[in-house]
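Dear colleague,

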Amino acid sequence: MPIVPGDIAFGENGVPASPAYGDIYHSADGGLQQAKSVFLQGCALPQAWQDAERFVILETGFGLGLNFLATWQAWREHPGRCARLHFISVEKHPLSQETLARCHAAWPELTPLAESLRSQWPLPVAGYHRLCFDDGRVQLTLIFDDADAALKQLEAKADAIYLDGFSPAKNPDIWSPALLAQLRQLSSPGARLATWCVAGKVRQALQAAGFEVERKPGFGHKKERLEARFAQSSAPGPQPSLANTAAIVGAGIAGSSLARALCERGWQVTLIERHPAPAMGASGNPAGVVRPQLALDDSFNGRLSRQCFLHTVKLVSALRLAPHASHGFNGVLQLARDEENAAHMQAMLAAHRYPAEFARWVSKEEAGALAGVAVAAAGLYFPRGGWMSGPRVCAALLEHCGAALSRRFAHAATRLERTADGWCVWSEDTLLAETAHVILAGAHEAAAFANLPLTPVRGQITALPDGSLPGLKIPVTREGYVLPAAHGIGNLGASFGFEDDPLPRAADQAANLARLARLLQLPPALEVSSLDARVSFRAATPDRLPFAGAIAQAGADIRPETPLAGIRRQPGLQALTGLGARGLVWAPFLAEALAARLDHEPWQLPRDLWQAVDPARFLLREARRERKR
């Protein structure tokens, strides 16, 4: 869904209003006081989160962010605050940083928090955007989408719910009975709900969803407000495991990202790697391209790539790394292959209305000016994309883990043994780890431990001598890629084949130079025999989407009508693999999302995207094909 940013108009009383909906963003009697009186008090906060391990709040309509800022302020000031606060908010028309700053100026007492919020404010691009504050103890998940569509795909159990859209007369969709009925599935037992709206249809819909509704004295000139409590019993959600331990097999970008994400959550992690150091396989190329893969129909691939790209750039930028040695996010070009492809690219931009800060079309001349060298065609420019060094980023991710991480390098995992409490990971006769969870994060080797259709794909890159492309400033991609100099060399590639030859080949070097000629107007004259190369093997899946999630139980009875969620899984066995040529983009976010699921947090991907990367999806597809035969 294209995201149309919101707009603000200020009335004579200074209250911000939406011209599109003809309604105000908060009460004329005071926005911050309304947030505290209607929503925090209505949900018995801060008392309700007293000494809780985690507390989840769901909001419909982020608006100016006042409810979040007031809640965050109360969390900071409350001595019995929960250990982790998760705030999930859906917003169809996000405001710009500049507009938020103008509105936030009315509440100087919120200045430090408001500035911190705006400093992480995401681009107006559809999907989930996760913002972390106070060392990750406060997590804001912004979902830029239509509320009804977003709630249908959301997987969370809210302890408190803020209903704060524009009035039912102005925006009836956000108060529809169908939307409010979804709150039944999103509420934890005893969840509290608050809203300023007392419309009869809203009260009836909440009661039908299982809430006990009560009118309370309103705020300011409004006579009444609503408080509600989810009264119907429901099956309790999964409880955090007492054994928060994991063994990760594979120390490439997937395994290193997973280790960091789990260690941040207080887990004890053992990282197992057959090589003597991290990132010596496909993640070991000196540098790789970081850009999204757009799709006209906004397919699973396009949606996942977009979200992963934004997260990876944000994560790597926050690491304490020298930018010129480890990464460069000052733009990347994707040139059009031909006129038909150029028309397709422009259609994608028009269909999704991406902001220029995310993606825009550039002429051949402008592309050359951005690249610093003459390029072969016009194309897409991603201002926040670029390149990063897998080895350096992996090292920084693992350094962040501290004492929570145990490294078992130069040991190949050869056997997994299921125990009463978890798993044992063996290397021949050597016990590498005894743990509650095992996560397969290597490349095609993961197929040795699980029924996963993974294909090894051979890739050869060519090392360009330092100085061979002195003007190149940003990566240029087309049917291949060329990167600026990094660590004294430039990267050019990459070949794509299914041979098992681990040694560099002259034919692939020549093919890479041919790629360079299709990228740049004036490629340098280079001799194949003088160039170094590196070969690695990536793991690809049949649909080119990765695997992330729980492994199916061996011999599970999977029928055509079985839902993915109904397939029996091997307890404590997960996978993050099948990343193909996009591991640098996909792995950091999917690792964070998988760690959140393992730690029983709200999901960081909509349900349909989780199903698209489910490791059991091909088993179900096979069962359905068998029925048709």
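Ala494 sits in the loop that runs between strand E28 (489–493) and helix H15 (506–519), and the peptide bond that joins Gly493 to Ala494 is cis, with omega at about -10 degrees. Please keep in mind, here and below, that this is a predicted model. A cis peptide bond also joins Leu45 and Pro46, where omega is about 15 degrees, and Pro46 belongs to the loop between helix H1 (31–40) and strand E4 (54–60).

Asp134, in the loop between strand E6 (127–133) and strand E7 (138–144), has a phi near 50 degrees, which is a positive value in a residue other than glycine. The relative accessible area of Asp134 is 18%, so this residue counts as buried, the cut-off being under 20%. Ala410, for its part, lies in the loop between strand E20 (405–409) and strand E21 (415–418), and its phi, near 60 degrees, is likewise a positive value in a residue other than glycine.

Asp298 is a further loop residue, placed between strand E14 (288–290) and helix H10 (300–318). Is Asp298 buried or exposed? Its relative accessibility is 15%, and therefore Asp298 counts as buried. When its neighbours within four places in sequence are left aside, Asp298 is in contact with Met1, Arg303, Arg306, His352 and Tyr354. Phe547, by comparison, is 249 residues from Asp298 in sequence, and the two are 20 Å apart in space, C-alpha to C-alpha.

Turning to the interior, in soluble globular proteins nonpolar side chains tend to be buried together. The largest nonpolar core here has 80 residues, of which Phe68 and Leu183 touch the most other members. Helix H2 (residues 66–77) supplies the largest share of this core, namely 7 residues. If we leave aside the neighbours of Phe68 within four places in sequence, Phe68 is in contact with Phe62, Phe87, Leu117, Phe133, Val138 and Leu140. There is also a second, separate core of 78 residues, and among its members are Leu271, Leu315, Phe329 and Ala612.

Next come the helices, and two packed helices are described by the angle between their axes and the distance between the axes. For helix H9 (residues 253–264) and helix H16 (residues 583–598), the axes come within 8 Å and cross at roughly 35 degrees, and this crossing of H9 and H16 is right-handed. On the H9 side the contact is made by Ile253, Ala254, Ser257, Leu258, Ala261 and Leu262, while the residues that H16 contributes include Gly583, Leu584, Ala587 and Glu592. The residues of the contact between H9 and H16 divide into 12 nonpolar, 2 polar and 1 charged.

What span should we expect for helix H18 (residues 617–628)? Because each residue accounts for 1.5 Å, the 12 residues of H18 should span 16 Å, and the end C-alpha atoms are 17 Å apart, which agrees. The buried residues of H18 are Arg617, Phe618, Leu620 and Ala623, and these residues pack against strand E30 (547–552) and helix H17 (607–612).

Key. Residues numbered from 1 in each chain as written. Predicted model: local features only at pLDDT ≥ 70, side-chain atom pairs only at ≥ 80, totals over all residues. Heavy atoms only, no water. Core = buried A, V, L, I, M, F, W, Y, C linked by side-chain atoms within 4.5 Å. Buried < 20%, exposed > 50% of the residue type's maximum accessible area, 1.4 Å probe, protein only. Helix = DSSP H or I, 4+ residues; strand = E, 2+ residues; numbered from the N terminus. Contact = heavy atoms within 4.5 Å. Expected span 1.5 Å × (residues − 1). Axes fitted to C-alpha atoms, helices over the stretch in contact; angles between N-to-C directions. Left-handed = near helix turned anticlockwise from the far one by under 90°. Nonpolar A, V, L, I, M, F, W, Y, C, P; charged D, E, K, R; others polar.
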